[in-house]
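Keep the sequence and the structure open side by side.

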Amino acid sequence: MPDELAAPAVEPIVEQLPPPAPPPVVKAAPPVSVPNLPKINFNETITVKDLAEKMSLKVGDILMKLLKMGIRASLNQRLDVDTTILIAGEFGFDADFLPIYTEEAMLKKEVEDVGTLLPRAPIVTIMGHVDHGKTSLLDAIRETTVAEKEAGGITQHIGAYKVQVEKGSVVFLDTPGHEAFTAMRARGAQVTDIVVLVVAADDGVMPQTIEAIDHAKAAGVPILVAVNKIDLPQAKPERVKQELSNYELTPEEWGGKTIFVEVSAKKRINLDKLLEMIVLQAEVLELKANPNRPAQGIVVEAKLDPKKGPIATVLVQKGTLRVGNNFVSGLTSGKVKAMTDDHGHRVMEALPSMPVEVLGFSEPPHLGEGLIVVATDREGKEIAERRKTISRESILEKRRHISLEMLSTVARQGKLRDLKLIIKADVQGSLEALKDSIEKMPTGEIVVKVIHAGVGGITESDVSLAAASDAVVVGFSVRPEVAAEELARREGVEIKTYRIIYEVIADIHAAMEGLLEPEEKEIIVGRLEVREVFKTPNSKIAGCMVTHGKITRSSKIRLLRDSKIIFEGQIHSLRRFKDDVKEVDQGYECGLGVENFQDVNRGDVFEAFVKEKHARKL
């Protein structure tokens, strides 16, 4: 962006210089000599007024310069990094961006010495299809390793727990599944070292099994397979191995690299072997951390206790967290008043890979937020307050993910090596055809990767994975759920929907070559639920309730059944009671007739949309 904006600012000056008058050229020389430029530092909070003060200039001068660049700004408007550097350069200053909010900025102060690193316990997340025994396996491991030694067993649930084995210890994250795992990764929290994939021996690979595999692979985390329910007479562990080998999870005995352990959570079979294999995998990873430094951790669970106030489960990653430490976590700060381990025992300190419930937050933090120890309570409060001052809009702008429109620009800047896609289609045949077509595309400097493909509507889980992996979601004859659409808007994830395979391939090709033409963008204006269907002599009328937005007589309409597109066309009639109307707002009922279509059922959903022309940005 700075190069594009800077060029017009310099060229007109050079063109207007009369040949015999060299002085203006001499004046323009200092900005070129970067080492001699006066330096200014700035951070995320800089405003037009702050920048003027740093450069000892009038605010009006900066506002005029911004106006020439096509930016209308006010005195207290926050400036982004690129604009600040560009404006400073225009006035002969070298601006250096020093972030203050990010964990990365705070951690820059310390450089880890390899000699200070000591082995730490592996952190394991268990994933798999519903009813395949994830919870049973967790409970079985917990009871086998803890309840025998302690009369009361585990006294409380804190979202993570540590189990002792012969060669060390293992920490298990008790998450609801791959959605929570990916939601944390989308926040930049790479918590898990190993994923244990639970597959029922009597059921085999199911849709959520495939989702879990794709989410784990996208995170770059090694997968260890636990084939559960081997005690059942209908168990077929060999079939499970065969099915998983199709997803690049080939057993070691078949010449692959994936560890398979046949277990039974119900009968407590081979649980010790599973733990042993986890420890073995951890040894290969050589997991280490420095315990002798200020602590850094991740929030894996948070709640507001009616008696204790805000409490959170923190998984310490580096350093040692101690009672009395001041900390900052996301938009909140605090002081460690007390800590309890996963057995409910009070502890004074927590070493790397140890989960503890921390009391002392000013308000409940968000799942996946980093926790960092700071020197003083005041420093923690200041950082939390500064973070709160950043507007939601600026955060969204920073978190804007890749889109097809941005593809060629980002690639030219050398910031992109591959384009990741998540594909959802209405039927398996379409999915396979689309996936094959994309994977057979000629690869140049940009490689197209399909990181997840599935049948059905676009869900929150798909958007979450896209946000975490910086991917584009492609829907073929399917639509996103309302919640998925909202999440995509919040996270800045692009969802592209198509009806023709050729258009998908053509768009990706054009994006890679930087040749995208101006397009018509679809804007959803309303959603309606069909509550009743009335038959008339000539047609069917759908009795609907407008659940989101509004419907207008001029908008186009599509019928969705289980998030799949059944029909797309024009509105024939729109009525409120017996009156023809031009529009119906959210919360009101209406009668809807569709041109040339009669297959409307109760429970169907209508989506009203309009198309607007937008120039594609490259």
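Start with a convention: axes are lines fitted to C-alpha atoms, for helices over the stretch in contact, and angles run from 0 to 180 degrees between N-to-C directions. The model is predicted. Two packed helices are described by the angle between their axes and the distance between the axes. Helix H5 spans residues 59–68, and helix H6 spans residues 81–90. They pack at an angle of about 115°, and their axes lie 11 Å apart. Angles of 65 to 115 count as roughly perpendicular. H5 and H6 are therefore roughly perpendicular to each other. The crossing of H5 past H6 is right-handed.

Which residues make the contact between H5 and H6? H5 contributes Ile 62, Lys 65 and Leu 66. H6 answers with Thr 83, Ile 87 and Glu 90. The contact residues divide into three nonpolar, one polar and two charged.

Next comes the sheet. Six strands form an open sheet with mixed pairing, in the order E5-E6-E4-E7-E8-E9. Strand E5 (160–165) and strand E9 (260–262) are the edge strands, and each pairs on one side only. From one strand to the next, the twist averages 30°. Inside the sheet, strand E7 (residues 194–200) and strand E8 (residues 223–228) pair in the parallel sense over six bridges. Leu 197 has Val 225 in E8 as its bridge partner.

Two helices pack on this sheet. Helix H10 (residues 207–219) touches strand E4 (123–128), E7 and E8, and its direction makes about 170° with that of E7. Helix H12 (residues 271–285) touches E4, E5, strand E6 (168–173), E7, E8 and E9. The direction of H12 makes about 145° with that of E7.

Now move to strand E31, residues 589–594. Is E31 mostly covered or mostly uncovered? E31 is mostly covered, with five of its six residues buried. Strand E25 (residues 540–552) pairs with E31 in the antiparallel sense over four bridges. Here Gly 543 has Gly 591 as its bridge partner in E31. Strand E28 (residues 571–576) also pairs with E31 in the antiparallel sense, over four bridges. There Ser 573 is bridged to Gly 593 of E31.

Finish in the loops. Asn 596 sits in the loop between E31 and strand E32 (605–614). Its phi is near 55°, a positive value in a residue other than glycine. Asn 596 is exposed, with a relative accessible area of 75%. Ser 563, in the loop between strand E26 (556–561) and strand E27 (564–569), has a positive phi of about 70° although it is not a glycine.

How values were computed: Residues are numbered from 1 along each chain as its sequence is written. This is a predicted model: local features need pLDDT of at least 70, side-chain atom pairs count only at pLDDT 80 or more; totals for chains, interfaces and linings use all residues. Side-chain values use heavy atoms; hydrogens and water are left out. Angles under 35 degrees count as roughly parallel, over 145 as roughly antiparallel, 65 to 115 as roughly perpendicular and the rest as oblique. A crossing is left-handed if the near helix is turned anticlockwise from the far one by less than a right angle, and right-handed if clockwise. Contact means heavy atoms within 4.5 Å. Ala, Val, Leu, Ile, Met, Phe, Trp, Tyr, Cys and Pro count as nonpolar, Asp, Glu, Lys and Arg as charged, and the others, Gly among them, as polar. Buried means under 20% relative accessible area, exposed over 50%, partly exposed in between (1.4 Å probe, protein chains only). Two strands pair if DSSP finds at least two bridges between them.
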